[in-house]
Amino acid sequence: RHAAEAAAGMSFAPADQVEIDAECGRLLGFLDNPGEGPRPTDLIHRLKDTMGEHVGVVRSDGGLRQALSDIEDIASNGLPAMSLATSGRVANSDWIQAVEISSMAVLAEIVARACLERTESRGAHYREDHADMKDGEWMRNILIRRQDGTLSLSSKPVGAALELEQG
């Protein structure tokens, strides 16, 4: 209820038709990749294995850097070569998984970069190479922004106003 009330009071930028068309083209583009490349389910399993091994319960600098390397390889090589078993638009689970893995790869990079940035252990975030909490340094929220395809990280103290850009 509170989220709905807050959203009702916000103004939103009009939809950008160029962005809508680009996203439709991206989604439909998955259907144009028949061939011998990896199937979406193969890439999903690979990403899950990477995240479980290197970004799981116990984390380290080396493991997080390996995860980022693996994620980059999936995004740069696996996704462009990915192929679907069929190009049909109805009941095509490969197509759904292709859309999912493209988003999963972005989110995996975000999580791994934030974990690498936070050089302490706090709550469920445990770094074996930084086992202690560092309140003086890390009572902060990590903010991640993607602009022109590049992720940038910054942080703000806990409790500081977080300004969201609209549009």
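**View 1. The whole chain, with its buried share.** Buried residues (under 20% relative accessible area, with exposed meaning over 50% and partly exposed in between, using a 1.4 Å probe and protein chains only) make up 26% of the 167 residues here. This is a predicted model, where local features need pLDDT of at least 70, side-chain atom pairs count only at pLDDT 80 or more, and totals for chains, interfaces and linings use all residues. Residues are numbered from 1 along each chain as its sequence is written, and side-chain values use heavy atoms, leaving out hydrogens and water. You'll find six helices and four strands, which are DSSP runs numbered from the N terminus (helices are H or I with at least four residues, strands are E with at least two). Their order along the sequence is α-α-α-β-α-α-β-α-β-β. The C-alpha trace spans about 55 × 45 × 30 Å along its principal axes.

View 2. Strand β1 covers residues 58-59. V58 sits in this strand and counts as partly exposed because its relative accessibility is 44%. Together with V57 and Y126, V58 makes a nonpolar surface patch of about 280 Å². Patch members have over 30% relative accessible area and no salt bridge; nonpolar side chains (Val, Leu, Ile, Met, Phe, Trp, Tyr) are joined within 5 Å, like charges within 9 Å. The area comes from the Shrake-Rupley method with a 1.4 Å probe, and for residues only the protein chains shown count as cover.

**View 3. R59, a buried charge without a partner.** R59 also belongs to strand β1. R59 is buried but has no salt bridge, a pairing that needs a side-chain nitrogen of Lys or Arg within 4 Å of a carboxyl oxygen of Asp or Glu. The nearest side chain of opposite charge is D129, 9.6 Å away. Setting aside neighbours within four places in sequence, R59 has contacts (heavy atoms within 4.5 Å) that include H54, L64, C115 and Y126.

View 4. Nine salt bridges turn up across the whole structure. In helix α2 (residues 17-29), R26 and E23 are about one helical turn apart because three residues separate their positions. Their side chains meet at 2.8 Å, N to O. In helix α4 (residues 61-81), D61 and R65 are four residues apart, and their salt bridge is 2.9 Å, N to O.

**View 5. A buried pair in a network.** R118 and E120 form a salt bridge, with their closest N and O atoms 2.8 Å apart. Both R118 and E120 are buried. Shared partners join R118, E120, R122 and D135 into one salt-bridge network.

Terms used. Lys, Arg positive; Asp, Glu negative; His and termini not counted.
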